[in-house]
Amino acid sequence: MPVRRTDKTPMPVQGAQARAHNFLEVNDGYSIAHAAFEAERCLRCQHPVCVDGCPVHIPIRDFIHEVAAGHMAGAARILRSANPLPAICGRVCPQESQCEAECSMGGRFDPVAIGHLERYVADWERTQPLAIESAITETQKIAIIGAGPSGLVCAGELARLGYPVTIYEALHAPGGVLRYGIPEFRLPKAILDWEIDILKAKGVEIVCNVIIGKTLTLDDLTGKLGYAAVFIGTGAGLPQFLGIPGENLNGVYSANEFLTRINLMRAYDFPNTDTPVRVGKRVAVIGAGNTAMDAVRTALRMGADEAMIVYRRSDEEMSARVEEYHHAIEEGVTFHWLTSPLEVIDDGGGWAAGLRCQRMQLGEPDASGRRRPVPIPDSEFVLPVDNVVLAIGTTPNPLLTRTTSGLATTAKGCLLADDATGLTSKTMVFAGGDAVTGAATVILAAGAGKRAAHAIDAALRANGRDYSTTEASF
Amino acid sequence: MTRILDARQLTPVTKLFRLEAPLIAASARPGQFVMLRVREGGERIPITIADYDRAAGTITIVVQEAGATTRRVCALESGDSLLDVAGPLGSEIDLPPVGHICGVGGGFGSAALLCFMRERSALGDKTTTILGARTRELIILADELARVSGAVEICTDDGSAGFRGLVTGRLARLIAGEGSGRPDAVVAIGPMAMMRAVAETTRPHGIRTLVSMDPLMVDGTGMCGGCRVTVGGQARFACVDGPCFDAHEVDFDTAMRRSKAYVREEKIASDRAGCASGRSGGHASQAH
Ligand SMILES: Cc1cc2nc3c(=O)[nH]c(=O)nc-3n(C[C@H](O)[C@H](O)[C@H](O)COP(=O)(O)OP(=O)(O)OC[C@H]3O[C@@H](n4cnc5c(N)ncnc54)[C@H](O)[C@@H]3O)c2cc1C
Ligand SMILES: Cc1cc2nc3c(=O)[nH]c(=O)nc-3n(C[C@H](O)[C@H](O)[C@H](O)COP(=O)(O)OP(=O)(O)OC[C@H]3O[C@@H](n4cnc5c(N)ncnc54)[C@H](O)[C@@H]3O)c2cc1C
Ligand code: SF4
Ligand code: SF4
Ligand code: FES
């Protein structure tokens, strides 16, 4: 193998030319030889600092040790004990700012490819026959609102603890952002489906097409339906718009709409499927987070000749995973940094024809500590485009909070919940994931779901001690 | 899966369905809608809840063939099932008791007035329903609406039933004091051109007017923003904030343009869906 021990073992990938035009996964995954080689790079630190960087504290050293020893079943068991979604997190965690950022190898050399190894073990597990049986032993049932990562993990954990759990999902399929947002080429739906099948095998019931706050209220769940506890994992799915002129022209999408049409509704397979999407020759995506990167690379795959990122700050402030940024460059995405959109221009027939922009420069740091972009005078120009996709952030959907009394939220609409337990301002109602933090990450959502599951278990076990007097501490 | 308990052809292009949907029936309010899907890979389309029966656990919808999905729905019969039905979505029609309410319906919009007019009559409002269509055979639910509103007035373009002319013509006469007299509020549900014409008819008289906007929708839960409608200069999501909005504040030009974004693709999908139950004759009601 032509790699030195100081370098990360490269991930085999599909060629950039080919993959820019298909929806197959970009990363092929390690072979057993890659995995063994990479696992050997781990120093087996006495104080594995990598673990501090992982929001759910996977015993990283120990699972990597099992990989090095060829004990995949052991590695898989360790991983699952801490993270119920390893195949997903191995693929989508921003490792460079979490576990791998802390790794001791990282000082002088490349950090150990923890994410790639996690993915390897989880994918190995997927090839094994799984003997899962429902182990529901408790009688008090629990309702989960939303089938995104936080809800799925909370449900899985509660089922493992023996509780009968029902997940209510508004859409027709479970998965949350993992289904409608993150594209197939980064996270194949087969992996998500496999995780969901495991949950079902554990006895978790998933009821789609039920919108809590509309079909049923939260109080119906705890009241007439008799759930002993509720976990809210409704995410932060409400797209923001810029409010610039021309934003309502045809051909302008929120990233959520663009990605939902293509991922959830499978517009890439139109007309075999019924939902259309109109992708022109030149597509501008505004923003530079994971969502923007997914949208711009999806535009290429939908046939755009030129797909570009337009961002008012510089690449330093970009929040997307580094790997996705590199993949986007390889695939031919173009980047307009320090460029702020002012107006979408009408082609005369109500369709987007261009994006009027102005150049920016970085000024003094703002409240977020990042240098504030300020306009450069007389720097306006027009990018000719057929589509504009807005990926400038999302906030929690107010559907549930509007229809539920007594659920405290922040000014930004995020649910108030106790850090350690997820307990909200309502008795026996817990929450976690993006609905509490605002748009964040899969692993943070999963971690919150898991913590809440244990808090729910503890609360129910303490029931004899009249839990209703316990107050959230905020 | 949601079972169809009854299916009844109302016109060559509209069909009424009663669905077994106890949870939706239990909380539905006038003006709300459901998102439905007919098949795997199918589109999610919004359809208004025309009526509901809480005791029986059923809702009634009326679907008009417009393209691929509505055509597939209209090919279904009693005993068949819809793959997904989610709701009730949107906000209920928000109108305090006013005195005299006039509902104006065109196309499938007439169906949407059914539970609304019944409730307003029960609340003690005086109620008048104006129904419009090109010709007599396209008028739907006139008898049912007659049972739940004080008066029903029918308008046809060709004069084959009721008054000859547009619903707005009749509405103007009511405002002038004819028939059941000037309404204190108007709720118009139908093709966008009709709703806009109603808005223009009531505007000079300062009569509170609501219209039920039907932009393209994807999720129906506030997640995509595709359904945004400009109301009073602000972008509002029809699936959450609406679908009913103040008619005098709605930007109809933008709304009409946005609803035509996929004409080309819709034609392809529609041709593929075939003539399951006869080709749609376009909008079955008058344009304005
Ligand atoms: C395009 C995109 C790319 C991303 N890429 C990454 C990445 O690479 N790495 C990473 O770590 N993170 C990424 N994220 C962020 C990550 O996906 C989210 O942080 C995570 O999914 C949040 O999980 P959640 O369970 O809180 O909510 P969600 O995943 O948003 O799920 C919420 C679910 O609740 C349902 N729901 C909402 N309201 C109701 C209701 N009233 N009743 C019933 N159901 C309801 C929704 O339909 C949805 O299915 C990305 C996000 C997007 C949009
Ligand atoms: C809140 C709401 C309530 C609705 N209630 C009903 C109802 O009770 N009964 C009913 O028959 N229809 C209703 N509609 C319209 C219905 O959703 C559309 O006719 C349907 O989505 C068309 O799908 P299709 O695949 O059959 O046709 P498509 O091929 O998608 O469209 C065919 C034609 O219909 C137009 N069209 C597409 N989508 C819509 C839409 N959302 N609204 C209006 N025109 C559209 C297109 O511009 C095109 O000209 C409602 C729409 C909304 C937003
Ligand atoms: S879950 Fe994420 S942060 Fe934790 S070890 Fe895995 S990749 Fe790293
Ligand atoms: S810090 Fe790096 S080298 Fe040390 S145990 Fe963790 S992965 Fe291995
Ligand atoms: S239909 Fe998606 S936000 Fe309204």
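The shell around ligand 2 divides by residue class into 14 nonpolar, 6 polar and 3 charged residues, where Ala, Val, Leu, Ile, Met, Phe, Trp, Tyr, Cys and Pro count as nonpolar, Asp, Glu, Lys and Arg as charged, and the others, Gly among them, as polar. The model is a predicted one, in which local features need pLDDT of at least 70 and side-chain atom pairs pLDDT 80 or more, while totals for chains, interfaces and linings use all residues. Residues are numbered from 1 along each chain as its sequence is written, chains are lettered from A and ligands numbered from 1 in the order in which they are written, and side-chain values use heavy atoms, with hydrogens and water left out.

Of the 23 residues around ligand 2, those that come nearest are Pro46(B), Val62(B), Gln64(B), Thr70(B) and Asp214(B), a residue being near when one of its heavy atoms lies within 4 Å of the molecule. Thr70(B) also places a polar side-chain atom 2.4 Å from an oxygen atom of ligand 2, and a backbone N or O atom of Thr69(B) lies 3.0 Å from an oxygen atom of the ligand. The elements giving two or more residues to this shell are strand E4 (45-48), strand E6 (58-64) and helix H2 (68-74) of chain B, and E4(B) gives the most, with 4 residues; helices (H or I, at least four residues) and strands (E, at least two) are DSSP runs, numbered from the N terminus.

Key:
Polar contact = N/O pair within 3.5 Å; in protein donor to acceptor, adjacent residues only side chain to side chain.
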